[in-house]
Amino acid sequence: MFKFDKLVFGDAGWGDEFLIATLMTLLVSILSMGLGLFLAIITVWAKIIQNRITRFIANFYTTVIRGVPELLVIYLIFFGGNAVVMSIAKVFGYNKYIELNALTIATIAIAVISATYSSEVLRASYLAISKGQIEAARALGMNKFSIFFKVISPQVIRHALPGIGNVWQITLKDTSLISVTGLVEIMRQSRISSNVEHSPLTFLITAAILYLCLTTISGRVFKTLEVNYSKGFST
Amino acid sequence: MIEFLNSIENSLIYENFFLVLSGLDNTILLLLISLPVGFVLALLFALGRVSKIALLSRTIASYIFVIRGTPLLVQIYLIYFGLGSVKFIRESFLWYALKEPFWCGVIALTINTVAYGAEIFRGGIQSIEKSQVESGLSLGFGKFLLLRKIILPIAIRKVLPSYGNELILMVKATSLVSLTTYMEMTGIARKIMAKTFAPVEAFIAAGILYLFLNFLMVQFVKYLEWKYNPHLRLNN
């Protein structure tokens with residue numbers, strides 16, 4: 001039933017393939033988490049400046065993406081991403097066929113999803129900063145950039161870390177959906193291997209264990225980070 | 001005006017909308033079974049998790065750990081492809097359910113929501129003030145009565161917002177069952193995208209329906225919150 005001998009490294013088993021697939025999952029997760037945080041910062045900015053249009057756009061984006069299944073968003077970007085990039089390229093006078101590679105599509109798709117969750121976390125932790133802090137910084141004559149980098153950011157990071165840890169876990173698990181686009185990460189690798197070896201149970205359990213390891217280890221990392229960032233704040 | 005209506009009628013969105021709509025009942029069918037069963041089991045699992053029987057509590061804790069640590073897609077595939085490949089399961093009565101993608105989807109969704117739900121309910125049960133339980137005990141309540149009249153109503157009431165979140169996640173999670181050839185809304189939308197190469201139109205059609213389902217879910221949870229929190233109502 002469970003064929004351990006198929007999981008050895010080298011040509012006889014799928015060990016090395018799974019190692020590469022795991023690294024690919026990690027790569028997609030980290031890239032899309034980073035891009036997602038960047039998008040989330042823009043979204044939060046659009047929500048907190050007093051502008052009706054940007055706020056409407058940001059709210060529309062987060063509501064729609066959070067209300068629609070992740071798989072649907074991935075399909076949209078997978079099937080429609082090329083057309084969008086090509087039409088943008090046409091504006092700049094480039095008329096040849098462009099094909100985005102699977103990693104780019106995967107990163108963008110997961111980032112678009114993860115950004116909606118991150119933005120809620122970041123917004124809540126921004127609102128948790130008391131107004132007095134910003135006023136005090138202004139009274140000291142700090143300009144906007146130093147207020148952002150020296151007063152707001154450190155506190156937002158501390159407040160947001162537990163929430164961002166949750167978003168990271170969700171993002172990590174969402175990368176399994178990317179297998180539908182053909183990018184060889186853990187999920188795709190386990191489907192390929194089980195089709196070749198006719199033993200789905202072996203490789204699917206392997207995939208489950210790999211995901212479990214990834215989520216557990218990254219959970220530990222976030223715990224350590226939280227302790228590190230809340231130094232001086234007894235909890 | 002009539003021309004405009006005609007153009008809408010002939011448009012791909014209009015056509016797709018009704019195509020995707022034909023998958024709505026399949027999506028709802030998945031939810032109709034997995035959500036109530038998941039709710040009851042989640043409550044039982046939460047009670048087992050907080051019980052003083054170490055073995056029961058540990059077992060449920062590790063179950064929750066495994067399910068929350070792996071993607072739902074892995075669980076669906078494990079049940080659909082994995083269990084189907086085991087010979088003695090194929091020969092047992094379980095095969096009547098496991099050969100159908102629908103039942104595999106229902107089982108996977110239930111297993112998943114039970115783990116998340118149990119963790120939510122555990123938080124609710126543990127947040128009950130001790131004085132509530134003690135006053136119940138001083139009135140001579142038995143264990144079962146205490147559970148029925150004090151612990152469960154307060155716990156469920158407290159966690160309604162987070163359980164509502166989980167319900168919305170479940171609505172979205174049904175889309176993954178489409179990967180086991182079960183034709184619900186996302187499966188049909190995917191077919192349209194692959195056939196017509198009009199991803200935006202298919203996405204809008206399916207997206208509107210999912211947003212509508214989630215909107216109904218939010219309203220339902222809001223109603224429950226209103227109903228079970230009479231002390232928080234502003235005007236009564």
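Biologist: Does B:Cys104 count as buried or exposed?
Modeller: This is a predicted model, in which local features need pLDDT of at least 70 and side-chain atom pairs count only at pLDDT 80 or more, while totals for chains, interfaces and linings use all residues. Residues are numbered from 1 along each chain as its sequence is written, chains are lettered from A and ligands numbered from 1 in the order in which they are written, and side-chain values use heavy atoms, with hydrogens and water left out. Buried means under 20% relative accessible area, exposed over 50%, and partly exposed in between, with a 1.4 Å probe and protein chains only. At a relative accessibility of 0%, B:Cys104 therefore counts as buried.

Biologist: How many disulfides does the structure hold over all chains?
Modeller: A disulfide is a pair of cysteine sulfur atoms within 2.5 Å. Cysteine is present, for example A:Cys213, which is partly exposed at 38% relative accessible area. Over all chains, the number of disulfides is zero.

Biologist: What pattern does chain B follow along the sequence?
Modeller: Helices (H or I, at least four residues) and strands (E, at least two) are DSSP runs, numbered from the N terminus. Chain B has twelve helices and zero strands, and its C-alpha trace spans about 75 × 60 × 25 Å along the principal axes. Read along the sequence, the pattern is α-α-α-α-α-α-α-α-α-α-α-α.

Biologist: In chain B, what percentage of the contacts between residues at least 6 apart in sequence join residues at least 24 apart?
Modeller: Contact means heavy atoms within 4.5 Å. Chain B has 236 residues, of which 44% are buried. Among its contacts between residues at least 6 apart, the share that joins residues at least 24 apart is 78%.

Biologist: At what angle do helix α2 and helix α11 of chain B pack?
Modeller: Axes are lines fitted to C-alpha atoms, for helices over the stretch in contact, and angles run from 0 to 180 degrees between N-to-C directions. Helix α2 (residues 12-21) and helix α11 (residues 185-196) of chain B have axes 9 Å apart, and they pack at about 145 degrees.

Biologist: Which residues make the contact of α2(B) with α11(B)?
Modeller: These residues divide into six nonpolar, two polar and no charged, where Ala, Val, Leu, Ile, Met, Phe, Trp, Tyr, Cys and Pro count as nonpolar, Asp, Glu, Lys and Arg as charged, and the others, Gly among them, as polar. Helix α2(B) supplies B:Leu12, B:Asn16, B:Leu19 and B:Val20, and α11(B) supplies B:Met185, B:Ile188, B:Ile192 and B:Thr196.

Biologist: Why is the pair of B:Phe17 and B:Phe18 edge-to-face?
Modeller: Rings of Phe, Tyr and Trp (its six-membered ring) pair if their centres lie within 6.5 Å; planes under 30 degrees apart count as stacked, over 60 as edge-to-face and the rest as tilted. The structure holds 17 such pairs over all chains. The ring centres of B:Phe17 and B:Phe18 lie 5.7 Å apart, and the pair is edge-to-face because the planes stand at 85 degrees.

Biologist: How many residues apart are B:Phe39 and B:Tyr163?
Modeller: B:Phe39 and B:Tyr163 form an edge-to-face pair, at 5.7 Å centre to centre and 65 degrees between the planes. The pair links distant parts of the chain, with B:Phe39 in helix α3 (residues 24-50) and B:Tyr163 in helix α10 (residues 143-173) of chain B, and the separation in residues is 124.

Biologist: Which residues is B:Gln75 in contact with, leaving aside its neighbours within four places in sequence?
Modeller: B:Gln75 lies in helix α5 (residues 72-82) of chain B and is buried at 7% relative accessibility. Beyond those neighbours, its contacts are B:Ile67, B:Thr70, B:Ala108 and B:Asn112.
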